[in-house]
Amino acid sequence: MEADFWHERWRGNRIGFHRDTPLPLLTRHWPDLGLAAGSRVLVPLCGKSLDMVWLAEQGHRVLGIELSELAVASFFEERGLEPRIRSSGLGRHYSAGPWELVVGDAFAVTPDSLADCAGIYDRAALIALPPPMRATYAGTLWRRLPPGCRGLLVTLEYPQAEKAGPPFSVEEAEVHARLDRDWSVALLERRDILAGEPSFLAEGVTALSTAAYRLERRDGTCAPP
Ligand SMILES: C[S@@+](CC[C@H](N)C(=O)[O-])C[C@H]1O[C@@H](n2cnc3c(N)ncnc32)[C@H](O)[C@@H]1O
């Protein structure tokens, strides 16, 4: 999934991944992470997700990273906010209230830029990427978060041979293989969602589940930029 693929999706408004309400798995499991109000939460590949609104309502500051400037500008426009805009080596930073969304490449974030992130929320980010890019994503952004960081990861699981991604199927074994080195990973919930996903049914997919994981960054050294 190269950058052009996503820019085309946003230009053509083909954003079926975008939800009109916060994700129930987020609202159910996030409070158990015990992150203090005021702490900063990273939302990689954030789109214009309303989950960032819910996180701010819980008192968090949100750092989003998103390739599409259209998505980032829409997020602020839809809230009636006029963001301040500045540029850095990471990209263009749009900021207003508790939100700072960077138009840039999530794989290029540096440990310094993530140093004050106490949390990470990944919904439709890991599963948006094909396998080689998932390896890069886990080896860059996830490795660069500071020790003690906690997070929630939401995945999908289905027989990959029955449908082309994105979204891709990411099984529990893969989550452990990619993250166990630096993170303690615990499955919180897995539920069957096939009946509520007509597009998967229409493509002949025979099983579909979503899973939520609690993550905590182990002590250790963050990867260099
Ligand atoms: C499936 S969408 C999910 C968006 C959001 N997480 C949500 O739940 O609505 C994936 C998003 O990742 C963005 N994206 C893809 N590759 C990226 C990268 N390398 N860096 C930053 N954003 C990226 C795309 O533009 C797209 O908006």
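**Ground rules**

I number residues from 1 along each chain as its sequence is written. The model is predicted, so local features need pLDDT of at least 70 and side-chain atom pairs count only at pLDDT 80 or more, while totals for chains, interfaces and linings use all residues.

**Entry 1: the ligand**

I looked up the residues around the ligand. A residue is near a molecule or strand if its C-beta atom, placed from the backbone, lies within 6 Å of it. There are 19 residues around the ligand, and Trp6, Leu45, Gly47, Ala106 and Ala124 come nearest. I then sorted the shell by class: 12 nonpolar, four polar and three charged residues. Here Ala, Val, Leu, Ile, Met, Phe, Trp, Tyr, Cys and Pro count as nonpolar, Asp, Glu, Lys and Arg as charged, and the others, Gly among them, as polar.

**Entry 2: the UniProt record**

I checked the unreviewed UniProt entry, which places the feature "binding site" at Trp10, Leu45, Glu66 and Arg123. UniProt positions are given in the numbering used here, feature names are shortened, and annotations may be inferred rather than shown by experiment.

I followed Trp10 to helix H1 (residues 3–11). Helices (H or I, at least four residues) and strands (E, at least two) are DSSP runs, numbered from the N terminus. Is Trp10 buried or exposed? Trp10 is buried, because 20 other C-beta atoms lie within 10 Å. The cut-offs are: buried with 20 or more other C-beta atoms within 10 Å of its own, exposed with 12 or fewer, partly exposed in between, with C-beta atoms placed from the backbone.

Next I looked at Glu66, found in strand S2 (residues 61–66). Glu66 counts as buried because it has 27 C-beta neighbours inside 10 Å. I listed its contacts (C-beta atoms, placed from the backbone, within 7 Å). Leaving aside neighbours within four places in sequence, they include Leu45, Gly47 and Val103.

**Entry 3: the strands**

I started with strand S1 (residues 40–44), where four of the five residues are buried. S1 and S2 pair in the parallel sense over five bridges. Strands pair if DSSP finds at least two bridges between them. Val41 has Val62 in S2 as its bridge partner.

I moved on to strand S5 (residues 99–103). Four of its five residues are buried, so S5 is largely enclosed by the rest of the structure. S2 and S5 run parallel, joined by five bridges. Strand S4 (residues 91–96) and S5 run antiparallel, also with five bridges. His93 stands opposite Val102 in S5. The hairpin of S4 and S5 has two residues between the strands, and Gly97 takes a positive phi near 55 degrees there.

**Entry 4: helix H7**

I asked which residues of helix H7 (residues 172–179) are buried. They are Val175, Arg178 and Leu179. These cover an arc of only 80 degrees around the axis, so they sit on the same side of H7. The arc is that of the directions from the helix axis to the C-beta atoms. I recalled that an α-helix has 3.6 residues a turn, so residues three or four places apart point the same way. On the other side of H7, Ala173 and Ala177 are exposed. The buried residues of H7 pack against helix H6 (131–139), strand S7 (150–157), strand S8 (183–192) and strand S9 (209–217).

Methods: Contact = placed C-beta atoms within 7 Å.
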